Amino acid sequence: MAEKFQPLSVSKLDDSYDAVIIGSGGTGLAAAIQAHELGMKVAVLEKEEELGGNTNRASSGMNAAETNVQLHHGVIDNVGDFYRETYKDGGRLNDKDMLGYFVYHTAPAIDWLADHDIKLDDITVTGGMSKKRTHRPASMAPIGGFLVNSLLGVVAKEDIPVFNRTKVIKLLQDAEGRVNGVEVKSGDLTKQVSAKAVILATGGFGASKEYIERFRPDLKDYKTTNQPGATGDGLKLAESVGAELMQMNLVQVHPTVQQDNPHVYLIGEAVRGEGAILVNADGQRFVNELNTRKIVSNAITALPEHSAYLIFDQGIRDRAKAIEFYDKVGLVVHGDTVEDLAEKLNMDPATLKQTVTTWNQAVENHDDAEFHRTTGMDRGITKPGFFAIHIAPAIHYTMGGIHVTPKTQVLDGNGDIIQGLFAAGEVAGGLHGNNRVGGNSIAETIVFGRQAGQQVTLYARSLK
């Protein structure tokens, strides 16, 4: 959370707003800014002490196609390719209308951020993408904290009220079933707030033992990369007014998570996107590291140890700034040479040396004969020092959620719109199919956060 940004206490909460936004991650903040700038009186409610939700933990970047940033880096892209690759990577289970809206609004989302002086001027690549589409700050800082702090800066400048430690416990409805407010609890205080519309931007259920056990009992013992507040509260609120949940069994396991300590650390896909490889306990590669998360996770789980090592050098480290943080918290093993690194990992030095040599040859020839990797091959593993991080898969993202239209309107079990209720971001299902591509969730927060802000404005105007 931005140190300078001070959320308000619930005593400052008005009795009435045009729109109440539940959740202060990227989706909620983008929705609030967009609706506010269109003349709406809005409030953002966050149940946790810390603002930013799971967005804080995002590290790789924000996918977008046909942007000026890509052209500045010499990358010629096509929105149609972005659509086709995301559809294929999602097992062709993506909601086509949502996906179509999404891919065509990623470039405008990059521009919208830039208009607010939030510039994502560097690019990298993530698994499942054929082109560099993953936009990030020029500093190469992890996208999540950068984005939350930057959006909170806009929120502060525009004087948009944000309340933390304020949990929405109930959606209010009028006699016709329209959602027209919320009931909140903060400490001992309970208060009803009326609103023309409510946006659920509450994130997923990756930290909910209850929902995981209900829909994916096979994952109940897995660790999670999610912040503790990702417990599916928005799903419960939506269900309470008759909303339909969809694809709830589609839960993403992220392949590269350091979980040897009580605190679990996601090792962002940008590390592989910038050239890292994965090896097993014997020091051998076993998968195309930039295949979809589902395929890479399954390949690691199939190893006897159910874990693997990311191997990279100083050149890759220089391109993925998050590694400095991973090192600071003690996750990175160092070696002066590849052989030295192998000894520290209890591997045969000759085997790891051969693996790295073969990989460097593949990079030089632009031909990975072993595993047919075609991206993240801009540099080999040649520049001392040499590093490793021990990783294993963990619950990362929930693709299922509330059934919504591309306009973020919430649908009930009959496919009818629940008036006054909107949902965007990870709480909504359908966009990603059975596998979310790295960099698409941050794009989703801005694209559909903005869409929700625009749609609540149209809805509120229609009530006048």
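Which residues of helix H8 (residues 233–240) are buried? In this predicted model, the buried residues of H8 are Asp233, Gly234, Leu235, Leu237 and Ala238.

## Helix H8 and its cover

The buried residues of H8 are covered by elements that include strand E1 (16–22), strand E7 (167–173), strand E9 (189–200) and helix H7 (209–215), together with strand E10 (245–246) and strand E17 (401–402). After H8 comes Gly242, and the phi of Gly242 is positive, near 95°.

## Domains

The domain assignment of the protein chain gives domain 1, which is made of 10–206 + 399–463, and domain 2, which covers 253–395. The C-alpha centres of domain 1 and domain 2 are 32 Å apart, and contact between them involves 24 residues of domain 1 and 20 residues of domain 2.

## Nonpolar cores

The largest nonpolar core contains 101 residues, and Val182 and Ile402 are the residues with the most contacts inside it. Helix H15 supplies the largest share of this core, nine residues, and the core draws at least three residues from each of domain 1 and domain 2.

When its neighbours within four places in sequence are left aside, Val182 is in contact with Val20, Ile22, Leu45, Val168, Lys170, Leu171, Leu172, Lys191, Gln192, Val193 and Val198. Another core, of 42 residues, lies apart from the largest one, and among its members are Ile267, Phe286, Ile323 and Leu352.

Two packed helices are described by the angle between their axes and the distance between the axes. The axes of helix H4 (residues 96–104) and helix H15 (residues 440–463) come within 10 Å and cross at roughly 95°, which means that H4 is roughly perpendicular to H15. On the H4 side the contact is made by Met98, Tyr101 and Phe102, and on the H15 side by Asn440, Ala443, Glu444, Val447, Phe448 and Gln451. The residues of this contact between H4 and H15 comprise six nonpolar, two polar and one charged.

For helix H5 (residues 106–115), the axis comes within 9 Å of that of H15, and the two cross at roughly 85°; H5 and H15 are therefore roughly perpendicular to each other. Here Thr106, Pro108, Ala109, Trp112 and Leu113 of H5 meet Ala443, Ile446, Val447 and Arg450 of H15, and the residues of this contact divide into seven nonpolar, one polar and one charged.

Conventions: Residues are numbered from 1 along each chain as its sequence is written. This is a predicted model: local features need pLDDT of at least 70, side-chain atom pairs count only at pLDDT 80 or more; totals for chains, interfaces and linings use all residues. Side-chain values use heavy atoms; hydrogens and water are left out. Buried means under 20% relative accessible area, exposed over 50%, partly exposed in between (1.4 Å probe, protein chains only). Helices (H or I, at least four residues) and strands (E, at least two) are DSSP runs, numbered from the N terminus. Contact means heavy atoms within 4.5 Å. Axes are lines fitted to C-alpha atoms, for helices over the stretch in contact, and angles run from 0 to 180 degrees between N-to-C directions. Angles under 35 degrees count as roughly parallel, over 145 as roughly antiparallel, 65 to 115 as roughly perpendicular and the rest as oblique. Ala, Val, Leu, Ile, Met, Phe, Trp, Tyr, Cys and Pro count as nonpolar, Asp, Glu, Lys and Arg as charged, and the others, Gly among them, as polar. A nonpolar core is a set of buried Ala, Val, Leu, Ile, Met, Phe, Trp, Tyr and Cys residues joined through side-chain atoms within 4.5 Å. Domain bounds come from an automatic or database domain assignment.
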